[in-house]
Amino acid sequence: MNRTDRLYALVEDLRAIAPRRRSARELAKRFEVSVRTIERDITALQESGVPIYAEPGRKGGYAIDKKMSLPPLNFTPAEAVAIAVALSQAGDQPFGRQARSALRKVVAAMPGSEGDLARELARRVQLVHLPAEQGEIQPLGAEGISRAIEEALLRRRVLRLDYADAKGALTSRDVEPGVFLGGRGGFWYLVAWCRLRDDVRVFRLDRIATATVTAERCPDRPLEGFATDVPEMVVHGTVLD
């Protein structure tokens with residue numbers, strides 16, 4: 001997570017638990033940085049006008065004035081829990097962290113009583129997770145792989161991959177990401193232009209050993225050029241409205 005994203009996430013994290021506090025040590029563990037980094041980030045936010053205040057002492061910490069944040073959203077408790085249920089069934093997925101962050105924002109921005117009702121309702125909705133062979137989403141591979149692909153797609157950057165084929169043979173290659181694709185069996189794939197093969201290739205995420213976002217911007221390629229006829233694929237667009 002870069003500093004800009006972390007600053008924004010800090011505000012949202014504190015707003016989600018307001019008026020309760022969170023210590024610098026808790027925040028450092030949550031965002032996987034040092035306590036000193038959190039203290040510098042909080043100072044920067046305060047200097048920019050974000051209403052964060054600190055309470056000293058053993059039980060102290062940082063808190064944010066919730067009234068100075070986003071206005072309440074018109075989500076019902078049932079709608080908030082419906083989003084939570086959908087996310088929990090999705091398992092590990094591309095942009096999963098952002099989806100969970102969005103849900104926290106929804107609940108945090110609800111009026112106090114509605115947010116409390118949503119949390120109480122959520123406690124009463126429980127799910128049974130099926131084994132992977134019964135349809136559960138498979139893990140997205142090595143740590144950081146999905147995040148690197150997300151960043152490359154967002155910033156339109158070339159990715160450098162170490163990729164193992166079905167026999168385990170490892171090759172290094174630069175690719176131009178095109179599509180994040182879900183397939184039957186719960187696996188996720190990256191469809192990209194492979195410069196090593198000079199053609200479109202499909203990379204299964206759990207076979208990607210490393211993924212590094214380079215500074216090179218991808219050339220413009222029509223989305224239709226990343227179409228694939230791999231039979232196990234289930235292809236449909238993501239609908240936002």
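Let's start with H3, where Thr-37, Ile-38, Asp-41, Ile-42 and Leu-45 are buried. "Buried" here means under 20% relative accessible area, "exposed" means over 50%, and "partly exposed" is in between, with a 1.4 Å probe and protein chains only. These five cover an arc of only 135° around the axis, which puts them on the same side of H3. That arc is taken from the directions from the helix axis to the C-beta atoms. Over on the other side of H3, Arg-36 and Glu-47 are exposed.

Before I go on: this is a predicted model, so local features need pLDDT of at least 70 and side-chain atom pairs count only at pLDDT 80 or more, while totals for chains, interfaces and linings use all residues. Residues are numbered from 1 along each chain as its sequence is written, and side-chain values use heavy atoms, leaving out hydrogens and water. Helices (H or I, at least four residues) and strands (E, at least two) are DSSP runs, numbered from the N terminus.

So what covers the buried residues of H3? The cover includes helices H1 (3-17) and H2 (24-31), plus strands S1 (52-55) and S2 (61-64).

Strands of a sheet pair through backbone hydrogen bonds, either parallel or antiparallel. Ours is an open sheet of 5 strands in the order S6-S5-S4-S3-S7, with antiparallel pairing. To count as a pair, two strands need at least two DSSP bridges between them. At the edges sit S6 (199-204) and S7 (208-217), each pairing on one side only.

Going through the pairs, S3 (residues 157-164) is joined to S7 by 6 bridges, and Tyr-163 stands opposite Ile-208 in S7. S3 and S4 are also joined by 6 bridges; there, Arg-160 has Asp-174 in S4 as its bridge partner. The hairpin of S3 and S4 has 5 residues between the strands, and in it Gly-168 takes a positive phi near 95°. Then S4 and S5 pair over 7 bridges, with Phe-180 partnered by Leu-190 in S5.

One last stop: Pro-111. Is it buried, partly exposed or exposed? Pro-111 is partly exposed, at a relative accessible area of 32%. You'll find Pro-111 in the loop between H5 (96-109) and H6 (112-123). Phe-75 is 36 residues away along the chain, yet the two C-alpha atoms are separated by 9.5 Å.

Definitions and conventions: Contact = heavy atoms within 4.5 Å.
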